[in-house]
Amino acid sequence: MALTRYRILERLREAGGELVSGGELAQELDISRTAVWKNILSLQEEGYRIDTAANKGYRFLGGEVFSGYEVERRLETHTVGRQLYFLEEVDSTNSYIRQKAAEGAPDGAAAIARKQTGGRGRMSRKFESPPDVGVYLTILLRPRLLAGELNLVTLLAAVAASDAIGELTGVCPDIKWTNDLYLGGRKICGILTECAVEGETGAVDYAAVGIGMNLLQEEGDFPPELRGIAGSVLMGTGARVSPADYAARLFRCFERYFYDGHFPENREEFLARYRERLFFLGREVMVCGLREQYPAVALDVDREGRLLVRKTDGTVAALNSGEISIRMPHRG
């Protein structure tokens, strides 16, 4: 985004809090002083704190802004997020990126929304997506994979999302199989992977990996029915993580595992990290399927990403993410 207003912004940032005259900016950018002033106004409307001193110039005072530009200037990736769609509001970033996939969007393209009106999780559950307190994004993948390997993509995304928080705060969230992240016993993140599959071959045409992360919510920001259940990075760590910082770091962590690691050849690497962060291995869980519900002990995650549980009769079952949800009787 080499828009004029962002070139002005970077020049003011480089000045380190010192005044830069309008004439100097106009000369450097080959525009009029009036154009400089209009661009300054646009930056201020976006949320940047810029001091205007009459007949002296402009000074950057800071300001946390979540925008496509702020994500792009932080990118350290070759593929993920290099085609970026930043949306003020959308029903669902998964739905949006699937539409873009049908229009030919490239591998690694990503959609980020400041707010979702129809955010959803697994089994059609609603995902609360209020503005300015979280990151709601979807990454488009065009892998040469079979549909049966997509469960592993969800597990990889969980590790990447946890890594990104760990790198920014020093605390890695726990994982609840298969697609939720927790801090302090509260859910802070949900992941939803959807795909289009070729009917004859079973090969994946594309996959849309949606990740919704609560960053800055406080207890009162959640609806009453979610209080005590949902949480945020701020609530769990005390750290105020910038949404733009998190989005860019998540893209880097995802690319490290998926592209640099040559997924799925590196499954043992990210599965080892996934197992380390599962907070209920060795504990009793309640398996809630479509037709049955039973207690079991969570044993492990196999190399296909299935959860292995031991039933009360001693038999071991391998559970697929699309078939069941796990309910912990307690976490004491």
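This is a predicted model: local features need pLDDT of at least 70, side-chain atom pairs count only at pLDDT 80 or more; totals for chains, interfaces and linings use all residues.

Trainee: Which residue is the bridge partner of Val287?

Mentor: That's Tyr294, in strand 11.

Trainee: And how many bridges does strand 11 make with strand 12?

Mentor: Strand 11 and strand 12 (residues 307–311) pair over 5 bridges, in the antiparallel sense. As one example, Ala296 has Lys311 of strand 12 as its bridge partner.

Trainee: What about the hairpin of strand 11 and strand 12, how many residues sit between the strands?

Mentor: There are 5 residues between them, and Gly305 in that hairpin takes a positive phi near 85°.

Trainee: So which sheet are these strands part of, and what's its order?

Mentor: They belong to an open sheet of 5 strands with the order 13-12-11-10-14, and its pairing is antiparallel. At the edges you find strand 13 (316–319) and strand 14 (324–327); each has a single partner strand, so one side of each is left without a neighbour in the sheet. From one strand to the next, the twist averages 45°.

Trainee: How many bridges are there between strand 10 and strand 14?

Mentor: Strand 10 and strand 14 pair over 4 bridges, in the antiparallel sense. Gly289 has Ile324 in strand 14 as its bridge partner.

Trainee: Switching topic: what's the order of the sheet of 7 strands?

Mentor: That open sheet has the order 3-4-5-9-8-7-6, with mixed pairing. Its edge strands are strand 3 (84–87) and strand 6 (174–176), each pairing on one side only. The twist here averages 20° from one strand to the next.

Trainee: In which sense do strand 6 and strand 7 pair?

Mentor: Antiparallel, over 3 bridges, with strand 7 covering residues 180–183. If you want a pair to click on, Ile175 has Leu181 in strand 7 as its bridge partner.

Trainee: And which strands does helix 6 lie across?

Mentor: Helix 6 (residues 150–169) lies across strand 5 (134–141), strand 6, strand 7, strand 8 (186–197) and strand 9 (204–214), and it runs at about 35° to strand 9. Helix 8 (residues 243–260) packs on the sheet too, where it touches strand 3, strand 4 (110–113), strand 5 and strand 9. The direction of helix 8 makes about 30° with that of strand 5.

Trainee: Let's jump to the start of the chain. At what angle do helix 1 and helix 2 pack?

Mentor: Helix 1 (residues 4–14) and helix 2 (residues 22–29) pack at about 125°, and their axes are 11 Å apart. That angle makes helix 1 oblique to helix 2. Their crossing is right-handed.

Trainee: Which residues make the contact?

Mentor: From helix 1 you have Thr4, Arg7, Ile8, Arg11 and Leu12, and from helix 2 there are Glu24, Leu25, Glu28 and Leu29. By class, this contact of helix 1 with helix 2 has 4 nonpolar, 1 polar and 4 charged residues.

Trainee: What about strand 1 and strand 2, how many bridges join them?

Mentor: Strand 1 (residues 49–53) and strand 2 (residues 57–62) run antiparallel and are joined by 5 bridges. Thr52 has Tyr58 in strand 2 as its bridge partner. Their hairpin has 3 residues between the strands, and Asn55 there takes a positive phi near 65°.

Trainee: Last one, zooming out: how many helices and strands does the protein have?

Mentor: It has 9 helices and 14 strands. The C-alpha trace spans about 85 × 45 × 30 Å along its principal axes. Of the 332 residues in the protein, 51% are buried. As for contacts with a separation of 6 or more, 63% are between residues 24 or more positions apart.

Note on methods. Residues are numbered from 1 along each chain as its sequence is written. Side-chain values use heavy atoms; hydrogens and water are left out. Axes are lines fitted to C-alpha atoms, for helices over the stretch in contact, and angles run from 0 to 180 degrees between N-to-C directions. Helices (H or I, at least four residues) and strands (E, at least two) are DSSP runs, numbered from the N terminus. Angles under 35 degrees count as roughly parallel, over 145 as roughly antiparallel, 65 to 115 as roughly perpendicular and the rest as oblique. A crossing is left-handed if the near helix is turned anticlockwise from the far one by less than a right angle, and right-handed if clockwise. Contact means heavy atoms within 4.5 Å. Ala, Val, Leu, Ile, Met, Phe, Trp, Tyr, Cys and Pro count as nonpolar, Asp, Glu, Lys and Arg as charged, and the others, Gly among them, as polar. Two strands pair if DSSP finds at least two bridges between them. Buried means under 20% relative accessible area, exposed over 50%, partly exposed in between (1.4 Å probe, protein chains only).
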